[in-house]
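Please keep the sequence and the coordinates open while reading.

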Amino acid sequence: MEEMIPNEGFPIAAKKEPCCVQTEAGKTYAWCTCGLSEKQPFCDGKHKQIEGKPYASLKVTFEEAKEVWLCQCKQSKNPPYCDGSHNQL
Ligand code: FES
């Protein structure tokens, strides 16, 4: 069994800048909300190791293929999109 990570200081900023992603129409993406994932900005399941399991990925489906800027600092008020909050960190 995996060791649990203390539930303190989350979400953490994976990076203090957004990531540009080219989406595929109709595809569902799982955006990392805790900041632990090594597959930023997407979830790799690491949130399951945080004590109490208070985090889950945010699923988002794009109707059309387009370019989006996704938050990696995890402080955005409009997740999964970057809203500039990383500038306050
Ligand atoms: S990267 Fe999080 S708000 Fe910009």
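**Review notes**

1. **Starting point.** E3 is found in the segment before β1 (19-22). Strands here are DSSP runs of E with at least two residues, helices are runs of H or I with at least four residues, and both are numbered from the N terminus. At 68% relative accessibility, E3 is exposed. The cut-offs are these: buried is under 20% relative accessible area, exposed is over 50%, and partly exposed lies in between, with a 1.4 Å probe and protein chains only. E3 and E38 are 35 residues apart in sequence, and their C-alpha atoms are 17 Å apart in space.

2. **Basis of the note.** This is a predicted model, in which local features need pLDDT of at least 70 and side-chain atom pairs count only at pLDDT 80 or more, while totals for chains, interfaces and linings use all residues. Residues are numbered from 1 along each chain as its sequence is written, and side-chain values use heavy atoms, with hydrogens and water left out.

3. **Fold outline.** The protein has four strands and zero helices. Along the sequence the pattern reads β-β-β-β. The radius of gyration is 13 Å, close to the 12 Å that the globule rule gives for 89 residues, so the protein is as compact as a globular protein of that length. That radius is taken over C-alpha atoms, and the rule is 2.2 Å times the number of residues to the power 0.38. Along its principal axes, the C-alpha trace spans about 40 × 30 × 20 Å.

4. **Burial, contacts and surface.** Of the 89 residues, 37% are buried. Take the contacts between residues at least 6 apart in sequence: 63% of them join residues at least 24 apart. A contact means heavy atoms within 4.5 Å. The accessible surface comes to about 5,600 Å², and 48% of it belongs to carbon and sulfur atoms. These areas come from the Shrake-Rupley method with a 1.4 Å probe; for residues, only the protein chains shown count as cover.

5. The protein has 11 positive and 12 negative side chains. Lys and Arg count as positive, Asp and Glu as negative; His and the chain ends are not counted. The centres of the two sets lie 1 Å apart. Each charge is placed at NZ of Lys, CZ of Arg, CG of Asp or CD of Glu.

6. **Salt bridges.** Side chains of opposite charge can pair when their charged atoms come close. A salt bridge here is a side-chain nitrogen of Lys or Arg within 4 Å of a carboxyl oxygen of Asp or Glu. How many salt bridges does this rule give? The count is three. One of them links E24 and K27, with the closest N and O atoms 3.9 Å apart. Both partners are partly exposed: E24 has a relative accessible area of 47%, and K27 has 36%.

7. **The network at K46.** K46 pairs with E38 at 3.0 Å, N to O. K46 also meets D44 in a salt bridge, at 3.6 Å. Shared partners join E38, D44 and K46 into one network. Is E38 buried or exposed? E38 is exposed, at 67% relative accessible area. D44 is partly exposed at 29%, and K46 is partly exposed at 22%.

8. **Cis peptide bonds.** Most residues other than glycine have a negative phi, and most peptide bonds are trans. The bond joining F10 and P11 is cis, with omega about 0°. P11 lies in the segment before β1. The bond from P79 to P80 is also cis, with omega near 10°. P80 lies in the segment after β4 (67-70).

9. **Positive phi.** K53 is not a glycine, yet its phi is positive, about 45°. K53 sits in the loop between β2 (28-31) and β3 (58-61). K53 is exposed, at 52% relative accessibility. K74 is another residue other than glycine with a positive phi, near 70°. K74 is found in the segment after β4. Is K74 buried or exposed? K74 is buried, with a relative accessible area of 7%.
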